[in-house]
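Please read them with the structure open.

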Amino acid sequence: MLVTQDGCDTHHLDPLAHLAATTRIWPRIGKTFHQLAHELCEGRWLALGGGGYAIYEVVPRAWTLLFAEMVERPDLAAEVDDPVSVEPQEEAQERVWTALRKDLTELGQVHGLDFSLPR
């Protein structure tokens with residue numbers, strides 16, 4: 001069985017990875033995983049959701065695009081893909097950074113470390 005962890009950290013709205021991808025990568029990733037599952041595992045594929053701080057703007061769309069490829073129906077998700085170029089709005093960026101700062105503060109408190117980010 002092919003087991004994949006399909007996070008959304010590669011998206012340009014995610015402040016951790018800084019990879020600046022759009023959702024246009026998920027159909028390609030889904031297609032590749034689908035082919036691998038059939039080539040190596042008799043089509044058995046377990047796709048697990050994962051990270052991503054843009055939980056409203058990105059995660060549902062990325063997983064929809066991945067699932068559409070998984071079930072061989074990319075037409076079901078064609079309208080949720082990012083345009084070719086995307087300019088993230090300031091409000092979305094601030095919400096994502098606020099969530100990251102909060103998570104890092106809580107993590108630091110648990111481990112007695114300072115993970116604070118500059119504003």
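1. Surface patch. In this predicted model, Met 1, Val 3, Leu 46 and Leu 48 make up a nonpolar surface patch. Met 1 sits in the segment before β1 (2-6). Its relative accessibility is 58%, so Met 1 counts as exposed.

2. Leu 48. Leu 48 is partly exposed, at 38% relative accessibility. Leaving out residues up to four places away in sequence, Leu 48 touches Val 3, Thr 4, Gln 5 and Asp 6. Leu 16 is another matter: 32 residues apart along the chain, the C-alpha atoms of Leu 48 and Leu 16 are separated by 20 Å.

3. Core. Which residues touch the most other members of the largest nonpolar core? They are Cys 8, Trp 26 and Val 58, in a core of 20 residues. At least two core residues come from each of α1 (25-41), α2 (59-70) and α3 (90-111). The largest share, 5 residues, is supplied by α2.

4. Trp 26. Set aside residues up to four places away in sequence, and Trp 26 touches Gly 7, Cys 8, Thr 10 and His 11, along with Ala 62, Leu 65 and Leu 66.

5. Cysteines. Cys 8 is buried, with 2% relative accessible area. Cys 41 is also buried, at 10% relative accessibility. A disulfide is a covalent bond between the sulfur atoms of two cysteines. With a cut-off of 2.5 Å between cysteine sulfur atoms, the count is 0 disulfides.

6. Salt bridges. How many salt bridges does a search of the whole structure find? The search gives 3. Side chains of opposite charge can pair when their charged atoms come close.

7. Arg 24 and Asp 81. The closest N and O atoms of this salt bridge are 3.9 Å apart. The cut-off is 4 Å, so the pair qualifies. Arg 24 lies in the loop between β1 and α1, and Asp 81 in the loop between α2 and α3, so the bridge ties together parts 57 residues apart in sequence. Arg 24 is partly exposed, with a relative accessible area of 40%.

8. The other two pairs. Asp 75 bridges to Arg 73, with closest N and O atoms 2.8 Å apart. Arg 73 is partly exposed at 39% relative accessibility. Glu 106 pairs with Lys 102 at 3.0 Å between the closest N and O atoms. Both lie in helix α3, 4 residues apart, about one turn of the helix. Glu 106 is partly exposed at 39%, and Lys 102 is partly exposed at 48%.

Terms used:
Residues are numbered from 1 along each chain as its sequence is written. This is a predicted model: local features need pLDDT of at least 70, side-chain atom pairs count only at pLDDT 80 or more; totals for chains, interfaces and linings use all residues. Side-chain values use heavy atoms; hydrogens and water are left out. Patches are made of residues with over 30% relative accessible area and no salt bridge: like charges are joined within 9 Å, nonpolar side chains (Val, Leu, Ile, Met, Phe, Trp, Tyr) within 5 Å. Accessible areas come from the Shrake-Rupley method with a 1.4 Å probe; for residues, only the protein chains shown count as cover. A salt bridge is a side-chain nitrogen of Lys or Arg within 4 Å of a carboxyl oxygen of Asp or Glu. Buried means under 20% relative accessible area, exposed over 50%, partly exposed in between (1.4 Å probe, protein chains only). A nonpolar core is a set of buried Ala, Val, Leu, Ile, Met, Phe, Trp, Tyr and Cys residues joined through side-chain atoms within 4.5 Å. Contact means heavy atoms within 4.5 Å.
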